[in-house]
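I opened the notebook to look through one model. My entries follow.

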Amino acid sequence: MYKTETHMHTAEGSACASAAGAQQAEQYKAQGYDTIIITDHFFNGNTAVDRSQPWEGMVEQFCSGYENAKKRGDEIGLNVLFGLEYAWEGADLLVYGVDKKWLLENPDLMQINVREFCDRVHANGGAIVHAHPFREAHWYIFDLKFLPWHTDGVEIYNGGNAEKVWNERAKWYAEQYGFTATAGSDCHHIGGDRFFGVLTEEPITDIAQYVDAVKNKKIAGLYVPEKYK
Ligand SMILES: [Zn+2]
Ligand SMILES: [Zn+2]
């Protein structure tokens, strides 16, 4: 089985993260992962990016955490792939199957609504997973929001969830709608023991393979430490 991190941040891209991209690559290699997907907070979330600059500069800065992680990953033998975490009124959406080129070609992403955003991701062949849909963190999640007709999967184990019942509700939501279930650490820092992920029978070396796994139910298992199940 191959182990993939589906939800993690870098200090270059996310204001709430302290681990730089290169440090994250080293940490995940040491934790025995085969692949990591960097999902920094997008411009509508807790981004580290200066939003007063032109779009090209914003995209450059946003992608730098991924690029630094990838450079280190290439050196140490870890697959590093690109994703992002889009924020909509408390709903956080993990987006896979878009890249820097797509961001540069879509400079109006902050002007379109969440449904149009999801449609564009899907038109580009991507997949969307609703992260921690039942997390209660009232300083930024003012209510629970769901987009069952615009998402492909649900994160049923999140390493940042303080209460197990938030994961249990997410599992119920995934089962009710027949969504692919995923797990992710939501890792922002170096250290700790909340390393979650997904297991696949084939290695994930290209983001299209992970998109296929989400859309076509090819995730063979979820990796969650026993005490957090
Ligand atoms: Zn964060
Ligand atoms: Zn996150």
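**Entry: pocket.** I began with the largest pocket, which has 26 lining residues. Cys16, His41, Arg135, Asp186 and His188 lie nearest its centre. I noted that the model is predicted. I then looked up which elements give two or more residues to the lining, and found β3 (79-88) and β4 (91-96). β3 gives the most, with three residues. The space in this pocket comes to about 440 Å³. I sorted the lining by class: twelve polar, seven nonpolar and seven charged residues.

**Entry: zinc.** Which residues coordinate the zinc ion (ligand 1)? I found Cys16 through SG, His41 through NE2 and His188 through NE2, at 2.0 to 2.2 Å. The donor spacing in sequence reads C-x24-H-x146-H. I also checked the zinc ion (ligand 2), which is 5.0 Å from the zinc ion (ligand 1). Cys16 sits in the loop between β1 (2-5) and α1 (21-30), and His41 in strand β2 (residues 35-41), so the two tie together parts 25 residues apart in sequence.

Entry: Is His41 buried or exposed? I read a relative accessible area of 12%, so His41 is buried. Cys16 has 29% relative accessibility and therefore counts as partly exposed.

**Entry: Lys171.** I turned to helix α5 (residues 164-177), where Lys171 lies. Lys171 is partly exposed, at a relative accessible area of 38%. I then took the C-alpha separation of Lys171 and Ala181, and got 7.4 Å. These two residues are ten apart along the chain.

Technical notes
Residues are numbered from 1 along each chain as its sequence is written. Chains are lettered from A and ligands numbered from 1 in the order in which they are written. This is a predicted model: local features need pLDDT of at least 70, side-chain atom pairs count only at pLDDT 80 or more; totals for chains, interfaces and linings use all residues. Side-chain values use heavy atoms; hydrogens and water are left out. Donors are N, O and S atoms within 2.8 Å of the metal (3.2 Å for Na, K and Ca); water is not among the atoms, so sites may look incomplete. Helices (H or I, at least four residues) and strands (E, at least two) are DSSP runs, numbered from the N terminus. Buried means under 20% relative accessible area, exposed over 50%, partly exposed in between (1.4 Å probe, protein chains only). On a 1 Å grid over the protein atoms alone, a cavity is a set of points where a 1.4 Å probe fits but cannot get out, and a pocket is an open set with protein on both sides within 12 Å along at least five of seven lines; lining residues have an atom within 4 Å of a point. Grid points are joined across faces, edges and corners, and a volume is the space filled by probe spheres set on the points. Ala, Val, Leu, Ile, Met, Phe, Trp, Tyr, Cys and Pro count as nonpolar, Asp, Glu, Lys and Arg as charged, and the others, Gly among them, as polar.
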